[in-house]
Structure formats: structure tokens, C-alpha cells
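Open the structure in your viewer and keep the sequence beside it. The stops below say what to select and what is there.

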Amino acid sequence: MTNLRRRYRVVDDETKAAAVATAITCIEDGDSFTAACAAVAGQLDVSETAVRGWVNASGLRPQPSWTVVTRLRAELAAATELNRRLMNRRGPADCGMGAAQ
């Protein structure tokens, strides 16, 4: 069995700055933080963890507004309540897979 190890690249400050700016633009355009960092990392052939670290260290990472956080919390509460109701209706023995055939 071959032990493949990732070779680390040295990335200069200018490239890091461009990577951070690109990731931030992707986030502002609607991508998730994870998706934006993954896309940038893929283009530079570096780890996603490295790009996440650069963006976080820059202090420029966009944060969702309280309006967005409140909306997402309400959506999560509604989904949780719907899930609870459906599970109670089916009962604990029925996991939703249907009858065995």
C-alpha cells in the first residue's frame, strides 16, 4: 500500500490576499464559507483548512446579519417541530422505511 502524503506549498502574501478577497467575494455572492474556501483551495491546490485560516485571520469574513440569523433560527424551529410531529404520528417502531417486503 502506498502512503500518499500531501505536499505543502509555500504561498506568498500576495497570493494569500487574493485568495482571501476571492473567498470573501464568493461569500458575499451567496456561497457558504465552506464552499467559498473549498473553491479557492481547489484553484490554488492548497488545503481548505489553509484558506479558512487565511480568511479568518484577515478579520474580513462576512458575518450574517441578525435578521438572517433570526430567520434561520425560525426556519430551524419550524423544521424541528414538523419533524417532532411526524415522528410522534408514526411512532417509534416505524422509522419511515415502509413495510418489509
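Leaving aside its neighbours within four places in sequence, which residues is V51 in contact with? Select V51: the residues are C37, V40, A41 and V46, where contact means heavy atoms within 4.5 Å. This is a predicted model, in which local features need pLDDT of at least 70 and side-chain atom pairs pLDDT 80 or more, while totals for chains, interfaces and linings use all residues. Residues are numbered from 1 along each chain as its sequence is written, and side-chain values use heavy atoms, with hydrogens and water left out.

Next, select V46, V51, W54 and V55. Of the 16 residues in the largest nonpolar core, these four touch the most other members. Such a core is a set of buried Ala, Val, Leu, Ile, Met, Phe, Trp, Tyr and Cys residues joined through side-chain atoms within 4.5 Å; buried means under 20% relative accessible area (1.4 Å probe, protein chains only). Helix 1, helix 2 and helix 3 (48–58) each supply at least two residues of this core, and helix 1 gives the most, with six. Helices are DSSP runs (H or I, at least four residues) numbered from the N terminus.

Now show helix 1 (residues 13–28) and helix 2 (residues 33–44). Their axes, lines fitted to C-alpha atoms over the stretch in contact, come within 9 Å and cross at roughly 140 degrees, on a scale from 0 to 180 degrees between N-to-C directions. Residues making this contact include A23 and C26 of helix 1 and F33 and V40 of helix 2.

Last, select C26 and C37. Their sulfurs are too far apart for a bond, because the distance is 9.1 Å and a disulfide needs two cysteine sulfur atoms within 2.5 Å. C37 is buried, with a relative accessible area of 0%.

Terms used. Buried < 20%, exposed > 50% of the residue type's maximum accessible area, 1.4 Å probe, protein only.
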